[in-house]
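Thanks for making the time this morning; I would like to walk you through one model, region by region. Please have the sequence and the structure open while I talk.

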Amino acid sequence: MQEISGLCTRLATYLEPTHINQVRRAYYYAEQAHADQKRRSGEPYVTHPLAVAHILADMRMDHQSLMAAMLHDVIEDTGISKTALGEQFGETVADLVDGVSKLTRIEGSSKAEAQAENFQKMAMAMARDIRVILVKLADRLHNMRTLDVLSPPKRRRIAHETLDIYAPIANRLGMNALRMELQDLGFNAMYPMRAQLISAAVIGARGHRKEVVEKIQHNIERCLQQEGHDAEVIGREKHLYSIYSKMKAKKKSFHEIMDVYAFRIIVDSVDTCYRVLGAIHNLYKPVHGEFRDYIAIPKANGYQSLHTVLVGMHGLPIEVQIRTREMDAMANSGVAAHWLYKTDKKSDTTGSQVRAREWIKGLLELQQSAGNPMEFIEHVKVDLFPDEVYVFTPTGEIIELPNGATAVDFAYAVHTGVGNTCVAARINRRLAPLSEPLQSGQTIAIVTAPGAQPNPAWLNFVKTGKARSAIRHFLKTQRHSDSIELGRKLLNKALLGMNSSLEAITGQQITELVQNSDDKNFDDILEDIGMGNRLAYVVARRLLNGVGSGEHTLAENSQTPLMIDTVDGLMISFAKCCHPIPGDAIVGHLSPGKGLVVHTEGCKNVLDIRANPEKCLPVNWSPNFAGEFLVDLRVEVENNRGIIATLAAKITEQEANIDKIVIEEKDTGYNIIYLTIAVKNRVHLANVMRRVRAITSVLKTVRVKN
Ligand code: MN
């Protein structure tokens with residue numbers, strides 16, 4: 001069992017005493033918090049966070065990362081909140097722990113492995129601080145090292161996840177040493193038999209390879225010495241998982257892979273790298289087309305090195321990597337190298353984090369100048385400066401959306417039909433507004449209702465082109481068919497006024513009408529009427545006069561009112577000035593572009609409109625009209641404490657909803673309350689008003705129009 005004192009001794013080599021004390025304090029806190037938990041192995045739980053901290057100490061990570069390592073399972077496994085951690089250890093540490101917890105929480109999600117690529121991106125997008133990923137990787141590494149105690153199925157699941165998600169993340173961050181250990185542990189757990197076979201074969205091959213390796217190494221060293229280069233030559237062996245992957249991917253036999261001899265040459269400067277390359281190309285003949293200059297054009301994860309393949313004695317292939325000491329550190333530790341090789345011991349703790357970010361920015365520039373920004377964007381930028389959010393469907397599928405996307409975007413991403421009928425959203429089971437921006441890792445469930453329609457207001461907040469164009473398309477078609485429908489009604493009404501009707505009109509009459517107009521077809525003409533751009537009676541007259549059916553004047557208009565039977569139609573709207581409700585005497589006004597606007601007959605605005613009689617038309621409520629309307633009430637009450645509650649109770653008793661309450665205080669002993677309530681019709685309103693008037697402290701109640 002590793003002790004906290006042992007860790008502190010190690011930390012003393014690179015951390016300040018005050019910071020070491022903070023790490024120790026985090027350890028004792030975790031020990032308390034996990035006091036009644038044990039690991040599967042029977043050890044006290046705290047041995048796990050301590051081991052994770054040891055791994056991070058190997059990377060010489062800062063004290064905040066180490067504190068987060070100590071506390072990383074506290075939020076998830078004990079009842080302690082992020083706020084409590086923040087008060088004890090500061091915001092930054094609390095944020096790191098919270099970040100790691102969020103990653104841990106999404107791990108178990110179903111289908112995660114099937115969508116490994118998206119899952120990696122989601123993990124990266126969720127971590128605002130790169131240290132979150134480093135702590136998580138260390139956590140995973142320790143879990144992989146102690147996998148033996150788990151049941152075989154669980155072992156395989158975790159190993160699979162490690163190979164598919166965490167090893168690639170380590171690779172993206174250039175952390176090769178960590179990646180290789182994760183891969184070998186994962187390989188061992190997934191395929192114990194194959195791992196054993198390969199491992200035994202490697203040990204067997206080592207014996208007869210030894211002589212060859214030493215010979216080549218000696219030749220290279222002597223050659224470089226003669227040229228006057230100060231270089232370290234290391235013979236290297238491939239790790240198990242890479243041998244296995246090569247055998248599988250390239251269909252090579254074990255011996256074909258093992259018959260390649262690999263060396264690494266570490267030098268002091270970039271300049272020397274190229275000189276050494278020249279020297280060894282002189283020593284052994286290079287294989288055509290196998291040279292790679294990753295110094296001039298680094299790999300997407302920042303890896304730099306020269307790679308070449310030579311033909312040695314007896315035609316043996318020799319792989320050589322040449323790089324500087326710094327490049328070598330970067331190749332092993334990647335982004336973590338910034339903590340590992342921090343030179344200034346006193347530099348502030350956020351310095352390394354900032355430098356790590358700069359490293360990534362620098363990569364971006366390098367990649368752009370190298371001419372393949374796409375690959376870079378694919379591998380690094382998207383991940384660490386996220387432009388995307390990744391969220392789950394209720395079945396565990398991952399959906400990628402642009403930053404700032406909302407539940408409506410999500411609904412349309414799932415299916416246009418879901419988008420068109422969505423009415424509400426649950427984000428992590430909490431009911432949330434459709435306009436709320438989503439965050440990576442959330443689970444989104446969309447509530448739909450049959451017959452629901454897209455709201456034009458959604459266009460103000462949707463982020464995806466798919467949602468935007470689907471909403472626009474829907475509204476346009478809807479408006480189009482609504483306008484045609486209204487136009488048909490208006491035209492029929494006008495014809496009735498001329499002792500005819502649409503039914504009596506022949507196809508011939510319609511054809512002539514269309515030919516004599518600018519419109520392409522009859523529907524376009526109807527749409528124009530519905531939109532208020534053409535007058536129904538003018539069209540009606542033209543239809544009838546076209547066949548010379550004699551005199552038809554407005555005077556004969558029988559003024560049959562148009563029946564209003566729906567609140568949903570886009571081309572019929574209710575005036576905001578007078579709030580008509582079913583039962584009110586009403587009048588319709590054809591307003592260009594808006595369609596038919598319904599006012600109450602007594603509305604002041606209608607007086608102006610009446611000056612233009614051909615734009616007005618009689619309308620009436622259909623007897624089976626159903627829907628809710630807002631009306632304004634003005635209630636005068638005596639000053640009385642509980643009056644608002646009483647008022648609200650009386651109104652809701654009548655099943656009318658209160659939309660708005662405004663109270664105007666007077667010093668004369670009474671108050672005026674303005675209410676906006678939703679009612680079904682005039683009878684409903686009358687019932688509500690009767691109840692309100694019955695309240696003793698109510699002096700006067702009137703409906704407000706205009
Ligand atoms: Mn853990």
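Predicted model: local features only at pLDDT ≥ 70, side-chain atom pairs only at ≥ 80, totals over all residues.

**Helix H15 and its surroundings**

Let me begin with helix H15, residues 270-283, which has 14 residues and reaches 20 Å from its first C-alpha to its last, close to the 20 Å expected at 1.5 Å a residue, where the expected span is 1.5 Å times one less than the number of residues. Helices here are DSSP runs of H or I with at least four residues, strands are runs of E with at least two, and both are numbered from the N terminus. Residues are numbered from 1 along each chain as its sequence is written, and side-chain values use heavy atoms, with hydrogens and water left out.

Within H15, the residues Thr272, Cys273, Val276, Leu277, Ala279 and Ile280 are buried, buried meaning under 20% relative accessible area, exposed over 50%, and partly exposed in between, with a 1.4 Å probe and protein chains only. The cover over these buried residues includes helix H12 (192-227), strand S2 (261-267), S5 and strand S6 (317-324).

Leucine 306 belongs to strand S5, residues 306-311, and with 1% relative accessibility leucine 306 counts as buried. Apart from neighbours within four places in sequence, its contacts include Cys273, Tyr274 and Leu277, as well as Phe291 and Val320, contact meaning heavy atoms within 4.5 Å. Between leucine 306 and phenylalanine 291 there are 7.6 Å, C-alpha to C-alpha, at a separation of 15 residues in sequence.

**The manganese ion**

Which protein donors does the manganese ion have? They are His48 (NE2), His72 (NE2), Asp73 (OD) and Asp139 (OD), at 2.2 to 2.5 Å from the ion; donors are N, O and S atoms within 2.8 Å of the metal (3.2 Å for Na, K and Ca), and since water is not among the atoms, sites may look incomplete. Along the chain, the donors follow the spacing H-x23-H-D-x65-D. Histidine 48 lies in helix H3 (residues 47-58) and aspartate 139 in helix H9 (residues 130-145), so this pair ties together parts that are 91 residues apart in sequence. Histidine 48 and aspartate 139 are both buried.

**Sheet and hairpin**

Further along there is an open sheet of 5 strands, in the order S12-S16-S14-S15-S13 and with mixed pairing, where two strands pair if DSSP finds at least two bridges between them. Its edge strands are S12 (562-564) and S13 (572-574), each of which pairs on one side only. S13 pairs with strand S15 (residues 595-600) in the parallel sense over 3 bridges, and serine 573 stands opposite valine 597 in S15.

Strand S18 (residues 657-665) and strand S19 (residues 670-679), by contrast, pair in the antiparallel sense over 8 bridges, with threonine 676 in S19 as the bridge partner of lysine 660. S18 and S19 form a hairpin with 4 residues between them, and glycine 669 in the turn has a positive phi of about 100°.

**Cysteines**

Finally, the structure holds 0 disulfides, a disulfide being a pair of cysteine sulfur atoms within 2.5 Å. Cysteine 578 is buried, with a relative accessible area of 0%.
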